[in-house]
Amino acid sequence: MVCNQLIACEICDTKINLRIQMGYVDIPFHINCPKCVTSISGKVLLDQENAISNLKIENAHEVPNDENDCYEVELSGEFPTKKIHLREFGKFDLSPFIRNGSFYGGNSVAHNATRKAMQFVFSDWERLIPYFELFWSNNKQLLYPKLESEINKYDCIPMSKVNNDLDAFQALHQLFIMTSYIASVLPNNAIKEYIDAQKLIFNNKENLTELTKLVSANLFEFNEIEKRFIELIKHFTKIYEQIIPVVSLKNANCIDNVDKDQFGITTADFNMLTDFYAKSYEWILDNVDIIILFNNISVRNIYEDCGNGKSYSDIPSLRSKFKKLEYLNDNEPFSQLNNHLRNRIRNAIQHFNCNIDYITQKITFKDNHAGRTNEETIYLIDFANLCLENFNTVIYIVELFYNLRKFSFIAQGLEPSCIPKRDDSPMVKSFRNKTGRNSICPCGSGKKYKHCCLSIENF
């Protein structure tokens, strides 16, 4: 269902028809007036029960609909939309919902990809933050019973007691995965890659001595890494409603099927996206060391020996954190970084030398270096994709840290309690005996068992 609302720019009174695709989430929007380029932003608040929408808007006001030609912009929280254009009244055009299937090559693929992307919207992972804070402050007396109560709400979490820091750490990790629906944001093969990476280094007995040396060297402040990670996830949660169409397209590997001259997203606030991109970029550069070290151990069995012939101990003397990436060899097993780490874009953001035209949705980044200006122009939908790639890399690095910290607890002599749920639990029987890998998960998520609670059991 599509609703239409006519607005007029506060500065020049240019009329713009908002063609609103009804959906399941409220729709933030950011556009420029096509005449005077005034920034117009707001949010469409959807009332699902009554199939109506309410509009909050800045720098424009609502006016009665009429039958005259005017500018038009489509708004949708779930699908790519046509960029602002001149509307011919009475001329038929597909709705964003109907058109969406053409980007995916079929409506069923589009539906499944969008449904998967929507799961993170309904996550409630932030209720775990007080538990993380108790863990960081070492308040075991309060934390352990709280976590036991939480994990026993989920029959698919294969532990029921929290007796030590290792138990607490694993319980927090599994609860985060359960409550965040993080798998709905990650690439389809991400969970398998994480599990394979864990097996690659921790199941090889030849690596254990060097891993023990690594944790004994105390190179990482795990609590501080996790605190900054939680702040990034909070930030990502705030921008997520702005990039749902991009997540959906990524889920089906279809983002390159969109004609970006004609279609894009009106939901994204460029300033919020640049803030997330810059902060996630810095977090990655600060913590990419774990990838370098795991490569060193798995390939050369010495954590100091890097793939570029240099030593890990040389890294602190680098004049730029970006130079750390030269210590990564794409052919080594833990190197998962791609070209989403764009130093020119990072520098332009840091020096406030970037701008967006919301009419064309083109972003211009200018990097001034050594008397030269390097300019890069990309579409907003592609920049949202870069933010998503950063997020995926952050999660990957966090998983590596999770495994290393878990190993450090074991090296301290801690053993997991891991008391399994009662065997007569109907849910446990359903998971263990009846549910196939490709069946719908019994937990009610709507996902396949292999992408949901089976992956939880494997973490």
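I shall begin with the chain as a whole, and then turn to a helix, to several salt bridges and to an asparagine.

First, some remarks on method. This is a predicted model, in which local features need pLDDT of at least 70 and side-chain atom pairs count only at pLDDT 80 or more, while totals for chains, interfaces and linings use all residues. Residues are numbered from 1 along each chain as its sequence is written, and side-chain values use heavy atoms, with hydrogens and water left out.

The secondary structure of the protein chain consists of 14 helices and 13 strands; these are DSSP runs, numbered from the N terminus, with helices being H or I of at least four residues and strands E of at least two. Of its 459 residues, 54% count as buried. Here buried means under 20% relative accessible area, exposed means over 50%, and partly exposed lies in between, with a 1.4 Å probe and protein chains only. The chain exposes about 21,200 Å², of which carbon and sulfur atoms supply 47%; these areas come from the Shrake-Rupley method with a 1.4 Å probe, and for residues only the protein chains shown count as cover. Among contacts (heavy atoms within 4.5 Å) between residues at least 6 apart in sequence, 65% join residues at least 24 apart.

Let us turn to helix H12. This helix covers residues 380–411, 32 residues in total, and reaches 47 Å from its first C-alpha to its last, close to the 46 Å expected at 1.5 Å a residue. The expected span is 1.5 Å times one less than the number of residues. Because 29 of its 32 residues are buried, H12 is largely enclosed by the rest of the structure. Just after H12, Gly-413 takes a positive phi of about 100 degrees.

Next, the charged pairs. How many salt bridges does a search of the whole structure find? The search finds 29, a salt bridge being a side-chain nitrogen of Lys or Arg within 4 Å of a carboxyl oxygen of Asp or Glu.

One of them joins the side chains of Arg-19 and Glu-74, at 3.0 Å from N to O. Arg-19 lies in strand S2 and Glu-74 in strand S7, so this pair ties together parts that are 55 residues apart in sequence. Both Arg-19 and Glu-74 are buried.

Asp-93 and Lys-82 form another, at 2.8 Å from N to O. Asp-93 lies in the loop between strand S9 and helix H1, and Lys-82 in strand S8, so the pair ties together parts that are 11 residues apart in sequence. Asp-93 is partly exposed at 24% relative accessibility, whereas Lys-82 is buried at 14%. Arg-19, Glu-74, Lys-82, Asp-93 and Arg-99 are linked in a network of salt bridges.

Finally, I draw your attention to Asn-188. Where is Asn-188 placed? Its place is in the loop between H5 and helix H6, and the residue is partly exposed, with a relative accessible area of 44%. Its side chain makes a polar contact of 2.6 Å with that of Lys-116. A polar contact is a pair of N or O atoms within 3.5 Å; within protein, one must be able to donate a hydrogen and the other to accept it, and residues adjacent in sequence count only if both atoms are side-chain atoms.
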